[in-house]
Amino acid sequence: MRKITVLLLVVLLFTVSGVTAENMGGKGQFMKYMAHVNPVPNYVSFISKNSQELKLSDVQMAQVMEWKEQNRTKMHGMVMSIIEGEKKMAQASLDGVSADEINSMAETVSKARMQIIVGKTRCRDRMMEILDDAQWDKLTAMVAAK
């Protein structure tokens, strides 16, 4: 019963998301995929786009960009592994691959999602250290209003 439930959830995920790696195009599309693979806000993106409104100092902006440079490649790789993993699960389902194999694939994707949650939460904590309380409050209001 568990296998059938997992399989149905995976199929539902593909049906709802409609996400495939072939459609990747540009940064805007990547950000849509980022939101798809994980609902935790991307604080660095919001800060970068709204640095003037948040009144970031040059030092603060340099710290944000340093964090971004240190973590961008790893995060991109995890996002792409999820997109590719979902694509492979969808194809595996169409190909009649066993439920055990599909469940294993789903576990791999779930682990990558968890790594993104951990990374984005570390990012949040770092951004809270960089921004002052008023900037953080303004940022979270902007994120919530999105």
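A: Glu86 sits in helix 5, where helices are DSSP runs of H or I with at least four residues, strands are runs of E with at least two, and both are numbered from the N terminus. Glu86 counts as buried because its relative accessibility is 1%; buried means under 20% relative accessible area, exposed over 50%, and partly exposed in between, with a 1.4 Å probe and protein chains only. Its side chain makes a polar contact with the side chain of Arg113, at 2.7 Å. A polar contact is a pair of N or O atoms within 3.5 Å; within protein, one must be able to donate a hydrogen and the other to accept it, and residues adjacent in sequence count only if both atoms are side-chain atoms.

This is a predicted model, in which local features need pLDDT of at least 70 and side-chain atom pairs count only at pLDDT 80 or more, while totals for chains, interfaces and linings use all residues. Residues are numbered from 1 along each chain as its sequence is written, and side-chain values use heavy atoms, leaving out hydrogens and water.

Stepping back, the protein has seven helices and zero strands. Of its 146 residues, 36% count as buried.

Now look at helix 7. Its buried residues are Gln135, Trp136, Leu139, Met142 and Val143. The face turned away from them carries the exposed residues Asp133, Ala134, Ala144 and Ala145. Helix 5 (58-94) is among the elements that cover the buried residues of helix 7, along with helix 3 (43-49), helix 4 (51-54) and helix 6 (99-130).

Leu139 also belongs to the largest nonpolar core, which has 16 residues; Leu139, Ile47, Val64 and Met127 have the most contacts inside it. A nonpolar core is a set of buried Ala, Val, Leu, Ile, Met, Phe, Trp, Tyr and Cys residues joined through side-chain atoms within 4.5 Å. Helices 3, 5, 6 and 7 each supply at least two residues of this core. A second, separate core of ten residues includes Val79, Ala106, Val109 and Ile116.

One caution: pLDDT, the predictor's confidence in each residue from 0 to 100, stays under 50 over residues 1-24. Where pLDDT is low, the predicted coordinates should not be read in detail.

How values were computed: Contact means heavy atoms within 4.5 Å.
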